[in-house]
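Trainee: I would like a close look at a single part of this model. Please take me through the loops and their surroundings, residue by residue.

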Amino acid sequence: MTPLRPGPLWEIALLGAHCDDIAIACGATLQLLCRAQPGLTVHALVCTGGGSAREAEEHEALARLCGNATLRLTVLDLPDGLLPDHFVQVKSAVAALRDGSDVDLVFAPQPGDAHQDHRLLGEIAPTIFRDHLILGYEVLKWESDLPRVTTYQPLTDTDLATKLAVLRDCYPSQSAHDWFDDEAFRGLARIRGVQCHAPYAEGFVTDKLNLDVGGATR
């Protein structure tokens, strides 16, 4: 597989319905981006968990994953499981993130996600970020909704191990869930790695993108 490497990235946006969605789905990719792009600013919006212990967990996890990047994290206190009932607030928050930044790349839930909160964000993202590359991430959970991914970020064992350590250390509130463990996350990462000839990988859904290979433009 021949990789396409982006030019310099200065600002990226991360959209999550719940605290831990971002770290579960693209934590290793985020870590690699922040390491490879000095001066990167990360704008993150999470729609639920504000004012609770979950918000503190999210701040700790994203701070570790972002390293020396500038992290600007907003955690709202909308009700878990009911985001579609708060469509206006969610869309307004995403629009405010866009208006307060100049992002080059957006990470959001993939729009085919079976969880209503994830799906809403995945559907809203391209209506707000209309001229941006959006990578739709997958969240491993109870529902049988894993997508056919089209874009891969290969990972080494060290990359994955660092991500798993962050998940274990920073989200104690989730440790009782039977799907929240190293074996589950490593299993999906290994499958995505097989699909792109790498030890491990994180996978994304891409709706559309433009190539710039040096040709003429109109």
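Mentor: Histidine 197 counts as exposed, because its relative accessibility is 71% and the cut-off for exposed is over 50%. Keep in mind that this is a predicted model. Histidine 197 lies in the loop between α6 (182-195) and β7. Its backbone stands out too: phi is positive, about 60 degrees, although the residue is not a glycine. Most residues other than glycine have a negative phi.

Aspartate 20 also has a positive phi, about 105 degrees, and is not a glycine either. Its loop runs between β1 (11-16) and α1. Aspartate 20 is buried, however, with a relative accessible area of 3%. The cut-off for buried is under 20%, so the 3% of aspartate 20 falls within it.

Glutamine 37 sits in the loop between α1 (21-36) and β2 (41-48). Glutamine 37 is buried as well, at 14% relative accessible area. What does glutamine 37 touch, leaving out residues up to four places away in sequence? The contacts are Gly7, Pro8 and Leu9.

Valine 213 is in the segment after β7 (200-206). Valine 213 is exposed, with a relative accessible area of 75%.

Technical notes: Residues are numbered from 1 along each chain as its sequence is written. This is a predicted model: local features need pLDDT of at least 70, side-chain atom pairs count only at pLDDT 80 or more; totals for chains, interfaces and linings use all residues. Side-chain values use heavy atoms; hydrogens and water are left out. Helices (H or I, at least four residues) and strands (E, at least two) are DSSP runs, numbered from the N terminus. Buried means under 20% relative accessible area, exposed over 50%, partly exposed in between (1.4 Å probe, protein chains only). Contact means heavy atoms within 4.5 Å.
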